[in-house]
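Visitor: I am new to this structure and would be grateful for a close look at one part of it. Please begin with the part in question and then place it in its surroundings.

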Amino acid sequence: MFKDYLKSRINVIILMIVVEGVFASSYYLFDMPAVTVLYPLILSTSALIVAGVIDFVFTFNKHRKLTQNEISASSDPIEKDYQEIISKLKEEEEYSRQKANSDYNNMVEYYTVWAHQIKTPIASMRLQLQSEDSEVSRRLEGDLTRIEAYVEMVLTFLRLDSDSTDYVIKEINLDEVIRPAIRKFARDFISKKLTMDFEPTEAKVLTDEKWLAFVIEQVISNAVKYTNAGGIKIGMIKQGILVIEDTGIGISAEDLPRIFENGYTGFNGREDKRASGIGLYLCKRVCDNLGYKISAESEQGKGTKIIIDFNKQEIGIE
């Protein structure tokens, strides 16, 4: 702060040095005694130092108030003009913020209503398909499951940054979240003739059940989608570390560091035109909010492991 102050007053300091130099040289040219030169120089220099200290204290106090968003009244007309500009900018910023929040809340409300409305015809179609058992009905029911997953992805994406995100943190049985997620994709396992090896974790975790279920369902969905032979294995490799492993097409080494980025699909996504690149991004965001670490290990052509570390949680309970 002091260095910045000196830089801002450098012109005044140079001017004062020049004035005192002229003042001193005039005594020297007229061959006057040294005491008549030194005494007024000391007095004037002392006065300048005192004035400088007072000005620095005043400037420092103003700087401190500004850093705390406090603007004090000023008699300087130029400073008044700056304060008026700042006030107008703050008003415009507040208006823009309120409008953005209002637009965002309206958008979330619209898509929430839309999601609930679209679930009605989906449920109706599912009931009709359950009345018959054929290859076509099984395939259509699998498509309906994917449509429901896409609807949930939209809602999750919108709710992540919402002020009213409904996290309910409590201790739950992890197996009670995993088993329904597996059952949800049972028809996909059967139609693709994939095996499911689930080793009960018998673990309890501190989490939000609904949001964690979204993460696990999304990971299993990706595993089923990109696995054409073999199967999927789910279990704990260590205390608090869940692994969902598949024998699918895998992820290339250059794509692996970026799979949790928004919209990044990589080579597999470019081959599969339906890929959105948002599923794992949402999983990462949800895990971050819940205090977990999610990572991936993969080798192209040999499958993928998605690892969720529940030991990384830093959740405060009210």
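How many aromatic pairs does a search of the whole structure find?

Guide: The model is a predicted one, and a search of the whole of it finds 2 aromatic pairs. One of them joins Tyr292 and Phe310: the ring centres are 4.8 Å apart and the planes stand at 75°, so the pair is edge-to-face. Tyr292 belongs to the loop between helix H10 (279-290) and strand E6 (293-299), while Phe310 belongs to the segment after strand E7 (303-309), so the pair ties together parts that are 18 residues apart in sequence. Both partners are hidden from the surface. Tyr292 has a relative accessibility of 4% and therefore counts as buried. Phe310, at 3% relative accessibility, counts as buried as well.

Asp309 has its place in strand E7. With a relative accessibility of 12%, Asp309 also counts as buried. A polar atom of the Asp309 side chain lies 2.9 Å from the backbone nitrogen of Asn311.

At the start of H8, the backbone nitrogen of Lys210 has a side-chain oxygen of Asp208 within 3.1 Å. Helix H8 covers residues 209-225, and at 1.5 Å a residue its 17 residues should span 24 Å; the C-alpha atoms at its ends are 24 Å apart, which agrees. Of these 17 residues, 13 are buried, so H8 is largely enclosed by the rest of the structure.

The structure holds 1 cavity of 30 Å³ or more, and the largest cavity has a volume of about 80 Å³. Its lining consists of Ala149, Glu152, Lys184, Phe185, Phe214, Glu217, Gln218 and Ser221. H8 supplies the largest share of that lining, with 4 residues, and H5 and H8 each give at least two. By class, the lining of the largest cavity comprises 3 nonpolar, 2 polar and 3 charged residues.

Helix H5, which covers residues 135-159, includes Glu135. The C-alpha atom of Glu135 is 8.7 Å from that of Ser191, although the two residues are 56 apart along the chain.

Two residues further along the chain deserve attention for their backbone angles. Most residues other than glycine have a negative phi. Lys193, which is not a glycine, has a positive phi of about 55°. Its place is the loop between helix H7 (186-192) and strand E2 (195-198), and at 72% relative accessibility Lys193 counts as exposed. Glu202, which is not a glycine either, has a positive phi of about 50°. Glu202 lies in the loop between E2 and strand E3 (204-207), and its relative accessibility of 72% means that Glu202 counts as exposed.

Helix H4 may be considered next. It covers residues 77-130, and at 1.5 Å a residue its 54 residues should span 80 Å; its end C-alpha atoms are 79 Å apart, which agrees. The buried residues of H4 are Glu79, Gln83, Val108, Thr112, Ala115, Ile122, Arg126 and Leu129.

The account ends with an open space, the second largest pocket. Its volume is about 420 Å³. It is lined by 17 residues, of which Ile13, Met16, Leu48, Ile49 and Gly52 are the closest to its centre. Helix H1 (2-8), helix H2 (10-29) and helix H3 (34-67) are the elements that each give two or more residues to this lining. H3 gives the most, with 8 residues. By class, the lining of the second largest pocket has 12 nonpolar, 2 polar and 3 charged residues.

Conventions. Residues are numbered from 1 along each chain as its sequence is written. This is a predicted model: local features need pLDDT of at least 70, side-chain atom pairs count only at pLDDT 80 or more; totals for chains, interfaces and linings use all residues. Side-chain values use heavy atoms; hydrogens and water are left out. The expected span of a helix is 1.5 Å times one less than its number of residues. Buried means under 20% relative accessible area, exposed over 50%, partly exposed in between (1.4 Å probe, protein chains only). A polar contact is a pair of N or O atoms within 3.5 Å; within protein, one must be able to donate a hydrogen and the other to accept it, and residues adjacent in sequence count only if both atoms are side-chain atoms. On a 1 Å grid over the protein atoms alone, a cavity is a set of points where a 1.4 Å probe fits but cannot get out, and a pocket is an open set with protein on both sides within 12 Å along at least five of seven lines; lining residues have an atom within 4 Å of a point. Grid points are joined across faces, edges and corners, and a volume is the space filled by probe spheres set on the points. Ala, Val, Leu, Ile, Met, Phe, Trp, Tyr, Cys and Pro count as nonpolar, Asp, Glu, Lys and Arg as charged, and the others, Gly among them, as polar. Rings of Phe, Tyr and Trp (its six-membered ring) pair if their centres lie within 6.5 Å; planes under 30 degrees apart count as stacked, over 60 as edge-to-face and the rest as tilted.
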